[in-house]
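Please keep the view open while going through the points.

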Amino acid sequence: MDYGSRILSKGVKGADVEELQIRLAGFRGTLPDGEFGPGTELQVSNFQRDVMGSSTPTGVADGETLRAIDSFADQFSIDFAQLKCRCGKCDGFGQGRFKGKYLGNQKAEAFHLYEYPGIHRMLLWAVRAAVFYLPEHRFSFSSGYRCGVDNQQHHRNTTNHCGKAVDLDAALEPGEGKREDAIKCTKIRGRLVEVSNAQIGWGAVNRKALEPDNVAPTWVHYDVRAYEARYLEDRFFCKSLTALDARKPILI
Ligand SMILES: [Zn+2]
Ligand SMILES: [Zn+2]
């Protein structure tokens, strides 16, 4: 079923449910499996309560809710210019190289060298929610896509920024330094665990992940590398705001 063509509620399955789960990734979540269960109901309820200001959230994604999600997208736009790879060789989102190739002999997603075709949509929708839930901060992306060429230029061997990760920077106020920045980032991570069901570290599968503060002290690294391969198919990745929003007519 096309997203926007029917009301979505508990028990419903389909590609439109998966789309809803992606769009509400930052409102609890966090599995885009296309099955509307209690987790999806909680996503919808939290969005209705927190964004739509409903005192009696229904957990049913009706026309009003889907339209509110579109307005939320407009209000919390994503600047793709900040996300593009800076190597000067690729189009900004890698060259689609190294699918199924791993760094060393560790066949885990964390070492997958594949240059995914863009950035994971669920991750960017989750960033929107982060900006919504943390209005006291001014966010920008300090790092987005980093392809294999960029990694070579910088002598890096990490591969998660090939579409599965972004780094968020919270602007400092005058007089603030590294210490204040670290405190800020720790608080932001805590809030994302609370509202978005993210984990710190990568222990759980199929969960959005944040680098711990000893790895990322003064920035917030957010990623989807703990997801199983079926949630990392090419179709989940996007290279533009149009593709991220995937605007569909709401017919209900
Ligand atoms: Zn590049
Ligand atoms: Zn990072």
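Is Asp167 buried or exposed? Asp167 is buried, at a relative accessible area of 7%, where buried means under 20%, exposed over 50% and partly exposed in between, with a 1.4 Å probe and protein chains only.

1. Basis. This is a predicted model, in which local features need pLDDT of at least 70 and side-chain atom pairs count only at pLDDT 80 or more, while totals for chains, interfaces and linings use all residues. Residues are numbered from 1 along each chain as its sequence is written, chains are lettered from A and ligands numbered from 1 in the order in which they are written, and side-chain values use heavy atoms, with hydrogens and water left out.

2. Zinc ion (ligand 2). Asp167 (OD) coordinates this ion together with His161 (NE2) and His221 (ND1), at 2.0 to 2.1 Å. Donors are N, O and S atoms within 2.8 Å of the metal (3.2 Å for Na, K and Ca), and sites may look incomplete because water is not among the atoms. Along the chain the spacing is H-x5-D-x53-H. His161 is buried, at 5% relative accessibility.

3. Zinc ion (ligand 1). The SG atoms of Cys85, Cys87, Cys90 and Cys147 coordinate this ion at 2.3 to 2.4 Å, and the spacing in sequence is C-x1-C-x2-C-x56-C. Cys90 is in the loop between helix H4 (80-83) and strand S1 (119-120), and Cys147 in the loop between strand S2 (139-143) and helix H6 (148-153), so the pair ties together parts 57 residues apart in sequence. Helices (H or I, at least four residues) and strands (E, at least two) are DSSP runs, numbered from the N terminus. Both cysteines of this pair are buried: Cys90 has a relative accessible area of 14% and Cys147 has 0%.

4. Geometry at ligand 1. The arrangement of the four donor atoms is tetrahedral because they subtend angles of 104 to 118 degrees; four donors count as tetrahedral if all angles lie between 85 and 135 degrees.

5. The largest pocket has a volume of about 240 Å³. Of its 17 lining residues, Thr158, Asn160, Glu211, His221 and Arg225 are the closest to its centre. A pocket is an open set of points on a 1 Å grid over the protein atoms alone, where a 1.4 Å probe fits, with protein on both sides within 12 Å along at least five of seven lines; lining residues have an atom within 4 Å of a point.

6. Annotated segment. The unreviewed UniProt entry annotates residues 14-69 as "domain: Peptidoglycan binding-like". Over residues 14-69 the chain is 52% helix and 0% strand.

Terms used
Tetrahedral: all angles 85-135°; square planar, octahedral: opposite > 155°, others 65-115°. Points joined across faces, edges and corners; volume = space filled by probe spheres on them. UniProt positions renumbered as here; feature names shortened; annotations may be inferred.
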